[in-house]
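Hi,

Here is the structure I promised to pass on to you. Have it open while you read, and my notes on what I found follow below.

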Amino acid sequence: MSTATYTVKGMTCGHCVSSVKEEVGEVAGVTSVDVDLASGLLTVGSDGPVDPAKITAAVEEAGYEVAGRA
């Protein structure tokens, strides 16, 4: 099991959090998604390494921006 943490910009409400969770949760290999609205942190759990570009693409598909990895 591995985890990766990203900082997401642009989220302002619970709906934003739900959108990010839904899109990132669909990425192959992802087993858990936790989003903290206050800090903007996205924590992704997976069985093995997941390509950060796929996580970034999923966040962008939800309408937000990855500011970097924490």
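Ser 46 touches Met 1, Ser 2, Gly 29, Val 30 and Thr 31, leaving aside residues up to four places away in sequence (a contact means heavy atoms within 4.5 Å). This serine is found in strand S3, and it counts as buried because its relative accessibility is 3%. Buried means under 20% relative accessible area, exposed means over 50%, and partly exposed is in between, with a 1.4 Å probe and protein chains only. A polar atom of the Ser 46 side chain also lies 2.5 Å from the backbone oxygen of Gly 48.

Before you go further, please keep in mind that this is a predicted model: local features need pLDDT of at least 70 and side-chain atom pairs count only at pLDDT 80 or more, while totals for chains, interfaces and linings use all residues. Residues are numbered from 1 along each chain as its sequence is written, and side-chain values use heavy atoms, with hydrogens and water left out.

Now to the helices. Helices (H or I, at least four residues) and strands (E, at least two) are DSSP runs, numbered from the N terminus.

Helix H1 covers residues 14-25, so 12 residues, and spans 16 Å from its first C-alpha to its last, close to the expected 16 Å (1.5 Å times one less than its number of residues). Which residues of H1 are buried? They are Cys 16, Val 17, Ser 19, Val 20 and Val 24. These cover an arc of only 160 degrees around the axis, which puts them on the same side of H1 (the arc is that of the directions from the helix axis to the C-beta atoms). On the face turned away from that buried side you will find the exposed residues His 15 and Glu 22. The buried residues pack against strand S2 (30-36), strand S3 (41-46) and helix H2 (52-61). As for Ser 19, it counts as buried at 16% relative accessibility, and it touches Ala 62 and Tyr 64, not counting residues up to four places away in sequence.

In H2, the buried residues are Ile 55, Ala 58 and Val 59. Seen down the axis they fall within an arc of 100 degrees, so they line one face of the helix. Their cover includes strand S1 (2-9), H1, S2, S3 and strand S4 (65-69). After H2 comes Gly 63, with a positive phi near 105 degrees.

Enjoy exploring, and write back with any questions!

Best wishes

Technical notes:
A polar contact is a pair of N or O atoms within 3.5 Å; within protein, one must be able to donate a hydrogen and the other to accept it, and residues adjacent in sequence count only if both atoms are side-chain atoms.
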